[in-house]
Amino acid sequence: MNRQMKILSLRPASILMVAFILSTGLSAQRRVTPATPPDPDKVPTVQKEQRIDPSRLVTTIDAHGNSVTVDTVTGREYVDSALLKAPPKMEYPLFYEATAGINIWDPIMRMLGQKYGIGDIWAELNLHNRYFPYIGVGLGTCTDTPDLQNFTFKSPTAPYFKIGASYNFFYNSNPDYKLQMGLRYGLTRFKWRLEDVTVDEGYWGQPSHYSLPDQSATAGYLEVVFGLKVRIAGPVSLGWSIVYHSMLHESAAPYGKPMYIPGFGKRSASVSGNFSIMYTIPINKKPLPEVEQEKGL
């Protein structure tokens, strides 16, 4: 009886001893099992930053004005997302205004002696006070006898068309003032001729005269426009522009190229100007802030 009680009393201790030996062996086996080191590119960003030596970090400002921390060893950049600048908010609605204008540059220049041009009318749509799709139509003519030349160039009245868009650099400012840059494509079909062409027959002969008959031509050109707009009173504004011209394509010219293109001007002059009187129609008018009203901006 005593022997059986001793055996029973030893069983729990034996069971605990066996369990301890097995757990020790398994843990030892787990410790010696080879493991593949983690891929550095797959380690979470937080863990990477924890392993960075703070002494090698330099804080600078990038091209967008954001605070950037650079690791001087790896060259890696870390941007504080809390300091990222949000894109500028559009202060004006999508469809804000529509403007119609008349360009009186050519009439003014003709009073000063220019021999070509009539004028044009145009319209543009104000989108967010930032983008301005543009369309224009005009008439051009020319009668000119160039200095030191032996002919008179004539081009009857012909239409031209322009389409393009402008960008306003003051898009979040008062819309009564605009600083813009734009691109326009012009297209025209017109006729031209040469009259009173004088040919000198030499010392003993008499000079002869002849005319070149009407020639048809089609031309397309590019305009780069840089200008200002200022409101004068109510819906009326004035605008000044400097225009750079460049020919893009034109039809074949068996007797030479015309010296004048409607809407473009003289072929020899790559720079001209515009002066427009404008009338603006509000579409989704936004009242000016009180501060701007007080300043009269």
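Biologist: What is the relative accessible area of Arg193?
Modeller: Arg193 comes out at 24%, so it counts as partly exposed. Buried means under 20% relative accessible area, exposed means over 50%, and partly exposed lies in between (1.4 Å probe, protein chains only).

Biologist: What sort of model is this?
Modeller: This is a predicted model: local features need pLDDT of at least 70, side-chain atom pairs count only at pLDDT 80 or more, and totals for chains, interfaces and linings use all residues. Residues are numbered from 1 along each chain as its sequence is written, and side-chain values use heavy atoms, with hydrogens and water left out.

Biologist: Back to Arg193. Which side chain does it meet in a salt bridge?
Modeller: Glu195, at 2.7 Å from N to O. A salt bridge puts a side-chain nitrogen of Lys or Arg within 4 Å of a carboxyl oxygen of Asp or Glu. Side chains of opposite charge can pair when their charged atoms come close.

Biologist: Is Glu195 buried or exposed?
Modeller: Glu195 is buried, at 19%. Its side chain also meets Lys154 in a salt bridge, 3.1 Å from N to O. Lys154 sits in strand 7 (residues 152–168) and Glu195 in strand 8 (residues 177–199), so the pair ties together parts 41 residues apart in sequence. Strands (E, at least two residues) and helices (H or I, at least four) are DSSP runs, numbered from the N terminus.

Biologist: And which residues are linked in that network of salt bridges?
Modeller: Lys154, Arg193, Glu195 and Asp214.

Biologist: How many salt bridges in the whole structure?
Modeller: Nine. One of them joins Glu250 and Arg267, with the closest N and O atoms 2.8 Å apart. Glu250 is in strand 10 (residues 236–250) and Arg267 is in the loop between strand 12 (265–266) and strand 13, so parts 17 residues apart in sequence are tied together.

Biologist: New topic. Which residues make the nonpolar surface patch?
Modeller: Ile102, Ile121, Val137, Phe161, Ile232, Val236, Ile277, Tyr279 and Ile281, covering about 780 Å². Patch residues have over 30% relative accessible area and no salt bridge; like charges are joined within 9 Å, nonpolar side chains (Val, Leu, Ile, Met, Phe, Trp, Tyr) within 5 Å.

Biologist: Which strand gives the most to it?
Modeller: Strand 13 (residues 271–282), with three residues. Ile102 comes from strand 4 (residues 95–103).

Biologist: How many helices and strands in the protein?
Modeller: Four helices and 13 strands. Of the 297 residues, 31% are buried.

Notes: Areas by Shrake-Rupley, 256 points an atom, 1.4 Å probe, with all protein chains shown as cover.
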